[in-house]
Protein chains: 2
Amino acid sequence: MTVIKWEVRSGAYYDSVVLMQLQRGLLGLPGVVDAGVVMATPANRELLAANNLLPDSISANPDDLLIVVKATDGTFADAAITGVDELLTRRKATSSPNSLDFRPHSLSAAVKQLPEANWVLISVPGRYAAGVAREALELGKHVFLYSDNVSLEDEIALKKTARERGLLVMGPDCGTAIVNGVGLGFANRVRRGEIGLVAASGTGLQAVTVHIHSLGAGISHAIGAGGRDLKSDVGAITAHQALDLLARDPETKVIVLISKPPSPDVAAKLLSAAKSTGKPVVVDFIGYPPPARKLGNLHFATSLSEAAELAVNGNWELVIDEKLPITNSYLRGLFSGGTLAYETLLSSQAFLSPIYSNSPITNSQTLSDPLHSKCHTVIDLGDEFFMVGRLHPMIDNDLRIRRLRQEAADPEVSMILLDVVLGEGSHTNPAGELAPVIKEIREKRIGGPALSRVEGLEFVAIVIGTDDDPQNLQSQISQLQDSGVTVFRTVTEAVEYISLRFGASRESEFTPVDLGQLKRPLAAINVGLESFYDSLLSQGAQAVHVEWKPPAGGDERLAALLAKMKGKKEN
Amino acid sequence: MTVIKWEVRSGAYYDSVVLMQLQRGLLGLPGVVDAGVVMATPANRELLAANNLLPDSISANPDDLLIVVKATDGTFADAAITGVDELLTRRKATSSPNSLDFRPHSLSAAVKQLPEANWVLISVPGRYAAGVAREALELGKHVFLYSDNVSLEDEIALKKTARERGLLVMGPDCGTAIVNGVGLGFANRVRRGEIGLVAASGTGLQAVTVHIHSLGAGISHAIGAGGRDLKSDVGAITAHQALDLLARDPETKVIVLISKPPSPDVAAKLLSAAKSTGKPVVVDFIGYPPPARKLGNLHFATSLSEAAELAVNGNWELVIDEKLPITNSYLRGLFSGGTLAYETLLSSQAFLSPIYSNSPITNSQTLSDPLHSKCHTVIDLGDEFFMVGRLHPMIDNDLRIRRLRQEAADPEVSMILLDVVLGEGSHTNPAGELAPVIKEIREKRIGGPALSRVEGLEFVAIVIGTDDDPQNLQSQISQLQDSGVTVFRTVTEAVEYISLRFGASRESEFTPVDLGQLKRPLAAINVGLESFYDSLLSQGAQAVHVEWKPPAGGDERLAALLAKMKGKKEN
């Protein structure tokens with residue numbers, strides 16, 4: 001028969017290392033079978049319950065510290081509970097091997113001690129983390145924000161401030177980074193080299209850097225962005241800054257971009273920025289269907305290990321785009337084949353945004369009126385909607401020809417994409433009907449009144465057919481080419497071409513991060529987990545650890561009061 | 001100034017070829033500027049409106065035929081409208097070059113004329129198509145159902161009936177197939193060869209067969225399933241039958257499986273069936289993030305063209321699984337790294353179903369209580385939920401060790417997967433804490449009471465670290481291996497291993513389709529588009545075309561009455 005005793009301590013702040021050590025200390029006491037030392041959040045209470053350590057009668061607030069001991073009898077349990085303060089004192093005495101060093105108690109004091117510090121590492125509990133980060137930005141420092149449980153609003157505000165000032169906020173919930181050869185947070189020791197990384201994720205970045213190292217190559221810089229950076233609300237602020245930085249860094253020859261799937265609008269902008277770096281960029285948006293193996297200088301991996309392998313062994317023949325890229329105008333895809341339309345949309349959504357379709361991949365791409373395109377549009381004209389009492393567009397070209405004229409009359413359209421599917425059952429001479437109309441449209445639009453604000457109107461066709469097909473493949477292709485259509489034989493090739501024509505663009509509205517600062521020896525101020533400070537020192541970086549305590553000792557009302565009394569900052 | 005005139009004809013049935021020809025005929029008349037001949041569905045009315053061919057005052061039902069003419073003046077317009085009947089008569093007179101041939105007016109009559117027919121091609125309007133398909137199945141024929149606008153209920157009923165009888169229903173909305181060298185519907189003329197295809201999609205199948213042909217290889221059979229076959233409601237009935245058929249066909253050496261993304265449960269079952277074929281299977285679920293490049297005999301392509309290239313040039317060293325596969329038990333992944341968990345889930349969902357997580361990819365995978373796993377589960381123990389006032393599981397192993405014991409006590413668990421992430425900032429000896437617990441669990445479960453209905457309990461670990469990391473990579477790996485853990489260095493390798501251990505299974509509850517019948521010279525009955533009949537003949541297949549008219553001439557009330565008077569079938 002075991003006995004459970006507990007104690008609730010309210011209002012006091014303990015860091016999580018102390019809590020872990022207290023729990024271990026309790027487990028080492030005589031007669032103690034199990035112990036739990038946790039902040040009394042609902043999740044932690046559930047965890048205690050799952051371990052049969054939560055008596056029904058405990059009442060505690062999420063901010064309270066809950067100490068529970070299960071022992072073989074009541075005496076041992078009581079002894080353990082009364083031993084808590086002794087364990088805490090013992091911890092204090094042994095925790096600071098360098099306790100003779102002077103340790104600052106605030107960020108500003110730490111900066112005075114190590115003025116060359118260019119980074120602040122923050123791993124205090126989430127509810128305090130944004131405040132510390134704000135202070136760090138005000139002091140002109142880059143922020144590595146390990147803490148989680150930081151609000152989205154705080155993240156956005158911090159990143160916008162940082163972007164204005166040419167500073168980076170990695171995180172919140174940024175587990176890892178490697179800056180100038182020094183690992184921040186969790187980071188593996190890897191060779192230096194020519195591969196730069198931008199990663200929203202922590203262990204994703206670790207897995208890729210480790211694999212790159214094991215393949216014999218190395219890392220220039222690895223920049224973390226935090227798990228939410230690529231969500232629409234945040235807009236990948238840090239990832240954009242990081243891409244821009246690595247683009248300008250002459251030592252970075254290849255860039256790897258890792259994240260969980262970003263929202264479609266963010267993905268398109270970020271990939272466009274990646275394109276504009278001009279360097280080979282290996283992309284692994286884990287769970288985002290790759291638009292292709294390769295789109296210009298972008299190379300898509302389907303796993304972390306493949307991302308590393310591509311970065312190390314990639315074959316980087318960069319395509320030089322001879323034509324001027326098209327900007328500020330739209331693609332309209334008019335398909336007879338549903339799957340061809342779908343594959344085109346899937347690939348194009350990586351670089352065309354916004355894009356709509358009557359056969360959308362995500363709900364946000366739904367074209368509300370299939371009869372009228374908007375922005376970039378890919379239409380499946382063989383969709384059931386169009387098919388009642390009507391022959392399939394692979395047999396009857398009437399619907400498509402009407403739509404061709406309609407799209408061509410839209411001055412915002414610069415490219416019309418068609419598929420032409422040959423074979424048994426299809427129209428006997430589709431090019432014979434389509435090509436004359438295209439020719440007529442082209443002549444009208446080039447020679448006629450200035451209908452368009454874009455130069456001319458480009459036609460691209462994907463011709464699906466074999467040399468044995470009844471339509472005569474070569475004649476079909478020639479008829480299209482003769483009327484000025486650029487012809488491809490697969491969706492893949494057509495999409496690669498389109499991606500080059502619709503140019504890359506970089507988010508330009510931010511103060512660039514000073515590359516020189518990134519390349520200075522790393523010096524950092526650590527606020528939070530002491531092990532991160534130890535790690536910095538063991539890697540030869542200069543560092544100062546702040547003996548941080550929450551404002552007003554964790555008393556939130558008092559802290560709010562203090563915050564109002566600005567200027568009177570304690571040291 | 002142009003004039004628009006129109007006519008509404010109700011109750012009559014015209015096939016869509018007649019409508020197209022009528023429209024073209026009207027356009028050829030003097031003074032006619034534009035014309036529309038359509039069934040008056042909302043979509044078609046919108047289309048007329050978009051072409052300025054829909055006067056406000058027209059009232060017509062969706063089943064009515066709407067004939068609209070725009071002419072340079074009223075006389076021409078009137079003349080065109082009154083010319084409609086003449087055009088229709090002329091069409092009738094010229095439409096049947098073989099009009100002296102006897103043409104059956106019903107499916108049963110056609111079967112008498114061509115008893116060896118093993119296929120029925122159906123391309124009548126959607127609302128009549130299910131009825132014709134039902135009749136074909138009753139006559140013991142495979143069905144190629146080109147028609148769209150067939151209800152989901154009808155599709156499910158037809159496919160269930162077919163499955164019971166060992167028959168295939170390709171479609172509805174099945175654009176293409178190649179059976180025994182003969183293209184059905186839309187199909188390109190391609191070389192015969194060793195590559196068999198199963199495709200939910202039409203032009204997807206065409207694009208892949210064309211590309212295979214252009215690469216010099218050929219097709220054994222290409223089986224269409226229809227765009228909805230891989231939805232949960234239908235459960236990929238046809239795709240399962242087709243995979244089974246191609247698995248048994250000795251001439252098919254490689255299988256290609258194409259579809260838009262299936263629902264997760266359907267995907268896992270279908271991929272499991274694909275695995276069980278034992279043949280190399282190239283999978284392109286367009287838009288479904290590939291779980292890996294390769295999982296056993298499954299090879300994942302990211303585009304139609306790559307699917308063809310893999311099928312032709314793939315390197316098929318099949319992995320032989322020496323251990324017996326695990327069945328009817330579960331995997332539990334307990335991760336410290338969020339991205340490692342996510343990548344594992346992403347890959348595993350392709351072959352483990354149902355699978356749950358506190359960091360799910362689809363909503364249906366959400367683990368309602370993160371503290372208790374169910375079925376296959378992948379847990380990110382570094383998720384914010386667990387992290388308030390607690391150190392990260394990469395530093396503190398307590399949470400994971402507790403969870404390890406919890407999972408091991410579940411008799412349905414046969415494999416526990418861990419990540420062990422080394423490097424700066426992480427625990428100095430994670431294996432030193434994990435390995436002894438694993439050893440203890442293994443000994444208890446092997447030597448102890450028959451807790452489990454599976455043989456033993458397998459542990460697999462992904463160790464992320466470099467030879468320079470402070471923990472000593474080799475010692476970490478050895479400690480784990482010494483306690484019986486199978487160790488991998490990347491998620492990719494671990495997932496490949498797990499996919500081999502959790503065996504393949506084929507849907508077994510159906511009557512297999514007779515392979516012999518598939519290999520007999522194709523003979524078919526065509527109901528609907530005459531061009532499909534012409535195509536069959538031109539490919540040297542035996543065929544009969546049914547002079548189909550809708551029941552009761554398209555009068556639905558009368559048709560319903562007739563349907564009730566079963567047995568009195570007209571000939």
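Analyst: Two residues are in contact here if their C-beta atoms, placed from the backbone, lie within 7 Å. The model is predicted. By that contact criterion, 85 residues of chain A meet 84 residues of chain B. Helix α8 of chain A, residues 202-214, gives the largest share of chain A's side, with nine residues.

Chain A holds 571 residues, and 54% of them count as buried. Its secondary structure comes to 19 helices and 22 strands. The C-alpha trace spans about 95 × 55 × 50 Å along its principal axes. Take the contacts in chain A between residues at least 6 apart in sequence: 68% of them join residues at least 24 apart.

Next, the core. The largest nonpolar core has 366 residues, and A:Ile122 and B:Ile122 touch the most other members. Leave out residues up to four places away in sequence, and B:Ile122 still touches a set that includes B:Ala129, B:Val132 and B:Ala133. B:Val143, B:Phe144, B:Leu145, B:Tyr146 and B:Ser147 are also among its contacts. So are B:Val527 and B:Gly528, from another part of the sequence.

Last, a helix in chain B. The buried residues include B:Glu343, along with B:Thr339, B:Thr344, B:Ser347 and B:Ser348. B:Leu340, B:Leu345 and B:Leu346 are buried too.

Notes:
Residues are numbered from 1 along each chain as its sequence is written. Chains are lettered from A and ligands numbered from 1 in the order in which they are written. This is a predicted model: local features need pLDDT of at least 70, side-chain atom pairs count only at pLDDT 80 or more; totals for chains, interfaces and linings use all residues. Helices (H or I, at least four residues) and strands (E, at least two) are DSSP runs, numbered from the N terminus. A residue is buried if 20 or more other C-beta atoms lie within 10 Å of its own, exposed if 12 or fewer, and partly exposed in between; C-beta atoms are placed from the backbone. A nonpolar core is a set of buried Ala, Val, Leu, Ile, Met, Phe, Trp, Tyr and Cys residues joined through C-beta atoms within 7 Å.
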